[in-house]
Amino acid sequence: MEQHIQRKKACPVDWDPRSPEVLADQIGAYDRMRETCPVAYSDYLGWSVFRHEDVLRILGDHETFSNVVSRHPSVPNGMDPPEHTLYRRMIEPYFAPERIAAFAPVFRGIARGLVDHLGRNPSCDVIREFAEPYAVRIQCGFLGWPESLHAPLMQWVYRNRAATLARDPEAMAAVALEFDSHIRAQLEVRERAGADATDDLTTCLLRQTVGGRRLDHAEIVSILRNWTVGELGTIAACVGIILHFLAGRPDVQQRLRGDRAGLAPAIDEMLRLHGPLISNRRVATRAVTVGGQPLGAGDRITVLWASANRDGAVFADAEEFHPGRDQSQNLLYGAGIHVCPGAQLARMQLNIVLDELLDGLPPFSLLPGAEPVRAVYPASGFSSLFLTPA
């Protein structure tokens with residue numbers, strides 16, 4: 001207790017990541033914390049780390065800052081070397097450039113259909129009727145899952161979000177089991193089909209070996225859960241953030257309409273400014289000092305990507321949109337051994353959807369009188385967003 005009190009006294013600012021002031025504008029709140037209390041304690045998140053330098057240090061030192069943060073298995077996200085190395089080597093070929101390139105026509109067809117829907121329904125909520133359906137459909141397309149799963153997965157996203165916000169352990173356990181049941185059903189379909197199973201990524205995982213043995217169902221479920229849960233929330237958040245930014249910046253929107261080669265750096269910069277993924281967890285394996293703050297073995301740590309990417313010590317004019325800036329320090333897709341293996345896949349999915357939006361929609365702006373509703377922790381972006389032709 002005495003050690004805990006000393007830590008709190010060392011931090012001049014009280015930090016409640018669930019306070020109304022923080023949730024009203026997470027990005028702005030993290031900016032303030034980075035400048036006034038860059039390593040801050042809360043009962044909810046443990047030690048929150050806001051500065052780019054400190055975040056990068058944590059990401060690069062898995063021996064001191066472990067990714068094994070839960071009693072539930074997580075393949076490979078919740079592993080440290082050497083176990084992580086074995087599984088990471090196994091999954092990386094699934095995201096090889098030639099493999100993901102084959103999905104470009106699938107993603108473009110999905111994006112084009114949803115853009116057509118948006119064009120016919122310009123007053124719809126673009127999060128519910130465009131961003132979230134896009135995330136669900138492209139993930140099903142990538143994994144070879146049927147269209148009949150689109151609606152159940154959308155409903156699952158809403159139930160999972162509600163359970164997480166309520167911090168309801170029973171509801172969270174129930175939605176986790178529900179998601180696992182969807183995955184297991186897809187595995188069973190392929191196992192029954194045997195040699196006639198569809199040749200897709202889910203079937204490949206059923207036949208995948210690691211360390212000289214076949215993956216078991218629990219491992220496959222964990223891998224697919226990590227890929228899918230992260231994809232559904234993050235891609236939807238990315239699309240909402242991009243649309244919100246462009247709706248408020250007609251100059252950038254016009255420039256990208258005439259210069260599609262500029263899409264990739266512009267998207268990375270928009271998502272640096274407003275991170276679609278707020279944070280990740282680590283746990284200290286030994287006593288260590290971070291940003292001048294002593295931490296003990298076993299202390300929980302939360303790295304704030306959304307803050308680190310706006311750190312003025314790394315990014316000049318950090319709050320300004322500069323798509324030509326050096327993006328090598330952008331932590332949008334992480335860093336270190338746990339850097340996102342699907343980064344190029346996500347970039348392709350976002351480039352395609354923005355390309356189709358700019359082709360299929362006239363110039364757009366925010367709908368007057370319909371204030372965008374910000375998503376709240378642990379989500380980012382917007383939970384509701386309405387556009388109108390400019």
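## Starting point: a buried arginine

Buried here means under 20% relative accessible area. Arginine 325 comes out at 15%, so this residue counts as buried. Keep in mind that the whole thing is a predicted model.

Where does arginine 325 lie? Look in the loop between α15 (305-308) and α16 (343-360). Once neighbours within four places in sequence are set aside, the contacts of arginine 325 are Glu269, Arg272, Phe315, Ala316, Asp317, Ala318 and Glu320. With alanine 316 there is a polar detail as well: the backbone oxygen of alanine 316 sits 2.8 Å from a polar atom of the arginine 325 side chain.

In soluble globular proteins, nonpolar side chains tend to be buried together. In this model the largest nonpolar core holds 85 residues, and Phe130 and Tyr134 have the most contacts inside it. Helix α12 (residues 217-248) supplies the largest share of this core, with 16 residues. A separate core of 18 residues lies apart from it, with Val49, Ile58, Val290 and Ala308 among its members.

Back to tyrosine 134: ignoring neighbours within four places in sequence, this residue is in contact with Phe107, Ile110, Ala111, Leu114, Ile235, Val239, Gln349, Ile352 and Val353.

## Aromatic rings

A pair of aromatic rings is described by the distance of the centres and the angle of the planes. How many aromatic pairs does the structure hold? There are twelve. One of them joins tyrosine 41 and tryptophan 47, edge-to-face, at 5.1 Å centre to centre with 65° between the planes. Tyrosine 41 and tryptophan 47 are both buried.

Then there's phenylalanine 245 with phenylalanine 321: the ring centres are 4.8 Å apart and the planes meet at 45°, so this pair is tilted. The pair links distant parts of the chain, since phenylalanine 245 belongs to helix α12 while phenylalanine 321 is in the loop between α15 and α16, 76 residues apart.

## Charges over rings

Two arginines are worth a look here. The charged end of arginine 18 sits over the ring of tyrosine 44, 4.3 Å from the ring centre. Arginine 128 has its charged end over the ring of tyrosine 158, 3.8 Å from the centre of that ring.

A disulfide is a covalent bond between the sulfur atoms of two cysteines.

Cysteine 204 is in no disulfide either, and its nearest cysteine sulfur, that of cysteine 140, is 17 Å away. Is cysteine 204 buried or partly exposed? Partly exposed, because its relative accessibility is 21% and the buried class stops under 20%.

Key:
Residues are numbered from 1 along each chain as its sequence is written. This is a predicted model: local features need pLDDT of at least 70, side-chain atom pairs count only at pLDDT 80 or more; totals for chains, interfaces and linings use all residues. Side-chain values use heavy atoms; hydrogens and water are left out. A nonpolar core is a set of buried Ala, Val, Leu, Ile, Met, Phe, Trp, Tyr and Cys residues joined through side-chain atoms within 4.5 Å. Buried means under 20% relative accessible area, exposed over 50%, partly exposed in between (1.4 Å probe, protein chains only). Helices (H or I, at least four residues) and strands (E, at least two) are DSSP runs, numbered from the N terminus. Contact means heavy atoms within 4.5 Å. A polar contact is a pair of N or O atoms within 3.5 Å; within protein, one must be able to donate a hydrogen and the other to accept it, and residues adjacent in sequence count only if both atoms are side-chain atoms. A disulfide is a pair of cysteine sulfur atoms within 2.5 Å. Rings of Phe, Tyr and Trp (its six-membered ring) pair if their centres lie within 6.5 Å; planes under 30 degrees apart count as stacked, over 60 as edge-to-face and the rest as tilted. A charge sits over a ring if NZ of Lys or CZ of Arg is within 6 Å of the ring centre and within 35 degrees of the ring normal.
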